[in-house]
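My entries follow the model.

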Amino acid sequence: MSPEKSSVKLNDHSSVAFGMDEPDVQIISSDGTCIPAHSSILAAASPVLESILDTPRKHRSSTNKTIQILGVPCDAVSVFVHFLSSARCTDEEMKKYGIHLLALSHVYLVPQLKQRCTKALAQELTIENVVDVLQLAKLCDAPGLYLKCMNLVYNNYKAVEHTEGWEFLQNHDPHLELDILHFIDEAELRKKRTRRHKEEQSLYVQLSEAMECLEHICTEGCTSVGPYDKEPSKSKSPCNKFSICEGLQQSIKHYATCKKRVDGGCMRCKRMLQLLKLHASICDQSDNCRVPLCRQFKLKMRLSRTGNESTRWKLLVRKVVSAKAITSLSMPKRKREDEPRVNSGIRTFKL
């Protein structure tokens, strides 16, 4: 492209479009092309260009100002200067020169263009170009684009390893390669922590549901187990948490008839005692609870000494109470109001 042609093109964008005087600055690109521009527009759009224009230079008259923008294609410089004067850039230009425009917007402090470039480049990320864009995002201080690149590398690491960009990175930028490997390690640790947290929360929710079923069995009776003064609700439709309720009833029936329980040799009975103790830790009723051993466990907990086991147990209780509250809040309002309330009575099973 000749200087004359580029000059006409830029005049159409600037002086003709804005009705201004003739351009008073020449932008020199890498191939020597001169791009005319207005110093007032450049200074208003970029503090770096304003500083360059305000800096006096030897052997340069006030009517012959030039600014060199090197290292990028001439057309990219032309699009950049046009954006400074019009704040517009087509999607085609952004797709073609997005990488160059990001570098220019960073160097010359044009945040509006930088934001547009990072958004466009994030949408055009591929396995083939992600390493190149990642390097540029790091150099140009674009954290959002940097993170998107890192996530793409993490999710497609095996494929990225076979690209030319990765080979270049290994040979010329080992620090960034180390950053990528650290990011992958941290992402794996976060995934494991999230998975473990979900498993723990699922356990706490199950324990919370087990506490509800235990109160339900001991106050209303269900299927095969109930209070001594009520027949089990065999004709009643299955509970909402039938699988948990059925398992608890089987454990209660086993606990009531187990002969190893006296000697403390039955693990199933020990688990049942832990559930009863957990209920006692959560139960807010004093003498009206119908769940077996509730009052005894409460009295024992008041008299027991504090220690590590007690601290761990309190933490478990808090987690179960929290899970119960969250589950209750997630229920529809009508369903919460229809939840059965615990009635007073004698704490005894009827099998």
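Entry 1. I note at the outset that this model is predicted. I began with charges over rings. The charged end of Arg 190 is placed over the ring of Phe 183, and I read 5.8 Å to the ring centre.

Entry 2. I then looked up Lys 277. Lys 277 lies over the face of Trp 313, and its distance from the ring centre is 4.4 Å.

Entry 3. I turned to rings that pair with rings. How many aromatic pairs does the count come to? The count comes to two aromatic pairs. In one of them, Phe 80 and Tyr 108 are 5.7 Å apart, centre to centre, with 40° between the planes. I logged this pair as tilted.

Entry 4. I checked where the two residues lie. Phe 80 is in helix α5 (residues 74-86), and Tyr 108 is in the loop between α6 (91-107) and α7 (111-123), so the pair ties together parts that are 28 residues apart in sequence.

Entry 5. Is Phe 80 buried or exposed? Phe 80 has 0% relative accessibility, so I put it down as buried.

Entry 6. I went on to Tyr 157 and Trp 166, which form an aromatic pair. Their centres are 5.6 Å apart and the angle between the planes is 90°, an edge-to-face pair.

Entry 7. I looked up the accessibility of both. Tyr 157 comes out at 21% relative accessibility and counts as partly exposed, whereas Trp 166, at 2%, counts as buried.

Note on methods: Residues are numbered from 1 along each chain as its sequence is written. This is a predicted model: local features need pLDDT of at least 70, side-chain atom pairs count only at pLDDT 80 or more; totals for chains, interfaces and linings use all residues. Side-chain values use heavy atoms; hydrogens and water are left out. Rings of Phe, Tyr and Trp (its six-membered ring) pair if their centres lie within 6.5 Å; planes under 30 degrees apart count as stacked, over 60 as edge-to-face and the rest as tilted. Helices (H or I, at least four residues) and strands (E, at least two) are DSSP runs, numbered from the N terminus. Buried means under 20% relative accessible area, exposed over 50%, partly exposed in between (1.4 Å probe, protein chains only). A charge sits over a ring if NZ of Lys or CZ of Arg is within 6 Å of the ring centre and within 35 degrees of the ring normal.
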